Structures are given as structure tokens and as C-alpha cells.
Amino acid sequence: MKTKTTGEDRQHPKEEVGTAGFLSFDVAGMHCAACSARIEKVLGGMEGIERASVNLATASARVWPRPGMEEAVARLVPERVAALGFTATPASGDADEAEASRQALREAEEQDLRLRRLLVMACFSLPLLVLAMGHMAGMDMPEFLDPFSAPRTFLLVQLGLTLPTVWLGRHFYKDGAEAIRRLSPTMDSLVALGTGAAFLYSLGYTLIGIVGFGAIGAAHNVYYESVGVLLTMIELGRYLEAGARRKAADAIGSLVRLCPPTALRLRDERDADPEEVPVGAIVVGDLVLVRPGGRIPVDGVVVSGESSVDLSLMTGESMPVACGPGDDLVAGAVNGEGAVVLQARRVGRDTQLARIVRLVREAQGSKAPIARLADRVSCHFVPAVMGVALLAGAAWLLFGGVSFSEALGVFVAVLVMACPCAMGLATPMAIMVGTGVAASHGVLVKNGAALEQASWLDALAVDKTGTLTFGRPELEDVLLLDGEGLEVPKVDGLDRDGVVAVAAALESRSEHPLARAIRDAAQQTGDASVTEVAVSPGLGIAGDVRTGDGVRRVALGSPAFAAGLGAPPSPAVRTRLEELGIRGKTPLLMILGESRHPSAILVLADGVRPESAKVVASLGRLGMEVVMLTGDNQATASAVAARLGVARVEAGLLPGDKADAVRRLQEGGKRVGMVGDGINDAPALAVADVGMAVAGGVDVSAEAGDMVLMRGGMDAVLTAIAISRATMANIRQNLGWAFGYNILGIPVAAGLLHVFGGPMMSPMVAGTAMALSSFSVVCNALRLRFFKIE
């Protein structure tokens, strides 16, 4: 059953479209969803801010200031975030390898610090666990450490092993207490309350045991091992999670590293001693030498030298492309075997690579509508857990017939079992990895909403020219004719190649797309030249073409042009022309000399991309209806559609008509994607639920559509939809785990199993489960890195 798309649904993909209008900040100090939810709520309520979005996975915030408030908001946001106990700094979107390296170094240093801290904590907590639990597992303990023979020593050694762990984990208490003081408790607050209560309770019993009041009983009523192991396991979870998140965010680092840090600048083309300078020192107009095997440092045009260049990052073509003077090159491409000198056209943040980095970074920092439920829950989750923990502990103490020690264990278990992190990371981690994977496959996704909406599409409107086809005419065939319209091997002494050469010479002065196609098809034109050229706009061209065997008058054009020259097509030729038209071909008639009939038919057509039919069939298997929208005539459009297996065609459309066609599909209850060139199809791209703009080779359109298909063709469309569906499936798995873990885990920690005769959950088990829950969400998101098109 299909659900009719509502107006509200259609707004989702357009919510965060575009790169302008918001300010970005890097936010440090966030550890859980409660942190990000609190910051988002406070920023969203600030005067001068229309809305705010905070992303836990990317540690970033975006705010949309009201017109005229940009400077004030940029100044006030860091102050307001600092008042909440975090730090916010303006984010840079530039593709700067030096900055990326510095950021990677800072992250590596932080991770090393976490590892050293974790190892020291483990060195104390593991002996603590063995000491506390060994006698229960049947281990023979030394008499001086036995809780029955030497209870005071037993207590003091446990305290001595716990204190270093508590000291190394003091950031939990500092941050958690500060959050409670600000009335915005976080996961650190839960850890601090749970382990702090257990530590103080144990410390109290230690003092009682030391002064001599029931030392043996006191030795069996302490939770030092829970405190030490909990803090260690939570630190382990943070360490594993941080490492996994660094891997997830590596897409941007990989893109930034494509640009070399330095460039060889020349004073002029004859300069034999290039100067190596930071790539940031290159300005527009500078001459740059690129040696064999080097990476192109800036966007520019080749002024001298020839080589072959790997442009796979832009075009997806695995084979190097030949380049020479006048050819455009982009930063990040790899030079082949020859040295080239290029003149810089775009540098720094204006290069195509920098645009790609910005698009990926903005997509990773965006949110999908599916994250809203987790955001709403996160705002109230921690206070609710505190209440549940207090009620559960009190209920067991007052009505469950358990000791205070056991009731405290329930209180601690509930606090440390709860994991708002898993809920906060479920969506943004998958979005981060999914957009990075999409970029590596040549699909730039501009926001998480578009990624989500693309997974629900059930109709795809596709512009024919340049998407299903190559978007340029090609000479497919040449038919040589006698006076009856029958095919012959030669006409007027010319074979097929000779006719093409003559036609290419005649078209040498024309920039019409059909003229270029004929010139491209010509093997050679020899010394042919043309004079006395007469052009009939929209009909054809005629002229005197001089070749090795003399001068002949040549005319080339439409059937009407031939008839006007006194060489109308015969019935047989007209039949053939009609057949070619039905098949979507464009025939041109050639008249040689004083002939009273067409001497040849040159057959041109916009070549269909070889993958288009296969992709259309694959989209059909995915349950999607493919609709061709084109400005071409109905006969040509129908012919192409028949070849590709497209059942629905709308031809003869202007740009505005294409937008109306998309609206009609939506009114029929479809969620519609539109694939077009981003210029002529801009109205339809804007109306569609998801607009996919096909980039022109090395030109990435950052303005049109919700997605940019850098590599063109229908393969990129299938890739975009497949990645969107895989990402959304991953998000649903993450959310299912995050909510399921908390919905099932908290009642168990509160003693649900004990009600039916089962055991109470140990706080150590609860804390370990919590530490690994968010790590499991991150690892599940990382599976997207191995995505492959089936």
C-alpha cells in the first residue's frame, strides 16, 4: 500500500539545502546526546537565531541567524556555549591539508592520552576485581588479604586500588557535577552519581570496619570493584568509540589529502628553476609546474606540455585522460608521464576539490528527520533515568525486603546502564559514514534529509539528454546512394571515408553540435579546403570544397534544404528518412556537384549510454517508476525510451513544463526524484522531493539539487539511491538497538528479573553493557564503509 506524500514530508529534503545562511562551529566537550540536545535547545532559543542544529557525531553546531544578526550571533554563540560548560569555535570549511594534518595530530594525541589513562586504570582495576571477587570464585587468597582473616587490610587495599582509578576518571565527576549544577545533567552525571554513591557508601563501611565495628561484615558490603571496573570500562568504551568515530570521519581527510601541500611556482614558461611554495601562496594567474607523477595543486588550464591525467576523483574514469595546451585540470588529479605547466584559475577554497570537501562536511554535519525522535527523547532522558534509579532503589529497600547495600546496587546499576550516547549517535554516525561513502562513489549529498528522502523514492523523473544519453550527437552511419535511393559503395569517386572528409571540410567553420560531430568522426580531411560558403540557418550549408581530385560543390542539410536545391529525396529515400526519424536519428542529406538527387545520408544521433538500459531495469526491480522528461520531439524521445525500457515519456517540454510534470507525479501520491543538468532543469530539481544534479565532467555544481552526481550517467543515480537505502537501513538498525537497549536494559537493571526469581544485575555488568552499547552503534555505522553496489 502506498502512502500519499504530504506537504510536510516534502519539506524535509529542502530544510538544509544550500551552503549559505548558516554559521558553523566546532563544539568541544560533548560526550552524549544529552549534551548536544541541551546545546541545541539553548542556541535555538537565543534571540537573533531562527533555528539551531547540533551534531554529536561530528562535534559541530549550526545556527541560522536572522537577517542582519550574523555578526552578533557569531560573537554570542561561543559565549553561550561556554556558559553551558562547552567550547565553540568558528569552523573552517576549506580544504587545507596542513590544517587537516594538525587536526589529525590533535586527535591522535587525545587518543594516546586516553589509551595511557585507560592502561593505568586497568592496571589498578583488574587486581581490584580479582581481590574483591576472587574468594567468591573459589580462589585461594593470601591470609593477609583474606576478607575473613584480615578484613581491615582487605578494605584498605581495595580503597588503595580504587583511589588512582577514581583520580584518573575525575573528569566524569567534574563534568557531571558541572552539568548538574547547570540543571542540564548528562551521561557523565549518571556515571558520577552512580559511581560516586557506590564509592562514598564503600568508604563509609571502610571507616566503620577500621574502627572495629563489624570489620568482616563491612568487608562484604563495599562496592570498590564496581567503582573501579565501571570507570575503566566506560573509559574503554570512550576510547573504542573515539577510534571508530575517527575512522568514520576519514572521508573528509581522504579528500583533503588529495591536494598537495606545496606547489612549484614559475616566473614564466621558460623558468628552469621553479620555486617550491605552500599551495596557499599560489594566486590566480600564477604559472605552476607539475612534474610526472605529481598531484595538481590548483584548478587551472594547461599552457604548455602534454601528459595524461587521472581525473577519476571527478569523472570516475579509470583510464588517464590525455591533456595538452588549453585543457582544464583540477586540484587533486594525478599527473601522468609528462611534465605540464598550468596557469592557476581557481585556488584555495574556490577549487572544485574545496567545493567537494565543503559539501561533504556540510552533509556530515546535517541531520535527517528520522533523528528528531532521538533528539526529543535525549532532552529528557537523563533526568528521567535519575528518577527511575531513585524510585527503583527506594522501592526495593522499602518494599522488596533487601538490604540497603543491595538497594544501592540497583540504584547504581540503573544509572550506569542508561546510555543516551547510543541514541544520540545512531543517526549522525550513519549519516557521516553514508555521505563519505557516497562521495567516494562520486555522489555528493548536501544534507541528511536528502539522504533519507532518497531512500523512500518510488518515482524518478529523468532528463534524457546527458543523463540517459551522452548529451552530444555522434555520427552513427553513412549511406551512399544512387539516383534511385539504393546503396552503392561509392558516389562521385568518394567512398564512405571520403564523404565524411568532404562533409567535415564543409563544416569546418561551423560550431553547430552536428558540425562538431561530423568533424570528430572524420579520420582526416587531408588538404581539403572550402570557399564560397552559403549558410541557410536551420536548414543547411553549401560550399565549394577543394580536394586532391579537384573542386566540387557540396551541400549538406535537411530534406527541405535538399529539395530547395532541386534534389528532392526519392520515395525510397523518404521512406528511409521516416524510419530513421522513428528510431530517434537525425539524418542529413548530402548533394555532390550538380546532382539532382541526394548522394548520401549522414545519420547522427545522441548516443545512448551503455549502462542506461541496465540501470532502468534495476530501478524497476527496486519498485521505482522511471519517467523520461525531454524537450526533444515525441518520435525521438519514444525511440530512445523503447531502447531503454522506459514506459512513460513526456516530450516537447520546456523547463517549466518539467516542473509541472514532477508536480503531477507528486499529486498522484509519488515521492519523486528528478535527475537533470542543474541549469535547464533547475525548476524541476527544486520541485522534486530529491533533486539530483548531473555535474559536467570536472565542474561540480554546488547550487543545483540536493545531490550532485559528479560522474554523470544513470550508474550514479542507482548508486545514490542504493547508498541512501543502505544508510537508512543502518540508521533503523542503530535506533532499534539504542532504544531497545535502554527499554530492555533499564528494567533489568532495576531488578525486573529478581521479581521473578532471577538475579539482580551487577553494576559492573550494567556499566560494561553501557560502555559497549554506543561502541556497537558506531561499529554498525562503520559497516557502510564496505558498501558495494549489487
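Predicted model: local features only at pLDDT ≥ 70, side-chain atom pairs only at ≥ 80, totals over all residues.

Biologist: Why is Ser612 called buried?

Modeller: Buried means under 20% relative accessible area. Ser612 comes out at 0%, so it counts as buried.

Biologist: And which residues is Ser612 in contact with, leaving aside its neighbours within four places in sequence?

Modeller: Those are Thr467, Leu468, Leu644 and Met714.

Biologist: Now Gly44, in helix α2 (residues 33-44). What makes Gly44 count as partly exposed?

Modeller: The label covers what lies between buried, under 20%, and exposed, over 50%. Gly44 has 30% relative accessibility, so partly exposed is the label for it. Not counting residues up to four places away in sequence, Gly44 touches Ile49 and Ala52. Its C-alpha atom is also separated by 9.0 Å from that of Trp64, 20 residues apart along the chain.

Biologist: On to the helix pair. Why are α5 and α7 described as roughly antiparallel?

Modeller: Helix α5 (residues 151-168) and helix α7 (residues 187-210) pack at an angle of about 150 degrees, with their axes 10 Å apart. Angles over 145 degrees count as roughly antiparallel, so α5 and α7 get that description. As for handedness, α5 passes α7 in a left-handed crossing.

Biologist: Which residues make the contact?

Modeller: On the α5 side they include Leu155, Leu159 and Val166, and on the α7 side Phe199, Leu203 and Ile210 are among them. By class, the contact of α5 with α7 has nine nonpolar, three polar and one charged residues.

Biologist: Let's finish with the sheet. In what order do the four strands come?

Modeller: The order is β2-β3-β1-β4, in an open sheet with antiparallel pairing.

Biologist: What makes β2 and β4 the edge strands?

Modeller: Each pairs on one side only: that goes for β2 (49-55) and for β4 (87-90). From one strand to the next, the twist averages 25 degrees.

Biologist: How do you know that β1 and β3 pair?

Modeller: Pairing takes at least two bridges between the strands. Strand β1 (residues 23-28) and strand β3 (residues 60-65) have four bridges, in the antiparallel sense. Ser24 stands opposite Arg62 in β3.

Biologist: Which strands does α2 touch?

Modeller: Helix α2 packs on the sheet and touches β1, β2 and β3; its direction makes about 170 degrees with that of β2.

Methods. Residues numbered from 1 in each chain as written. Heavy atoms only, no water. Helix = DSSP H or I, 4+ residues; strand = E, 2+ residues; numbered from the N terminus. Buried < 20%, exposed > 50% of the residue type's maximum accessible area, 1.4 Å probe, protein only. Contact = heavy atoms within 4.5 Å. Axes fitted to C-alpha atoms, helices over the stretch in contact; angles between N-to-C directions. Parallel < 35°, antiparallel > 145°, perpendicular 65-115°, else oblique. Left-handed = near helix turned anticlockwise from the far one by under 90°. Nonpolar A, V, L, I, M, F, W, Y, C, P; charged D, E, K, R; others polar.
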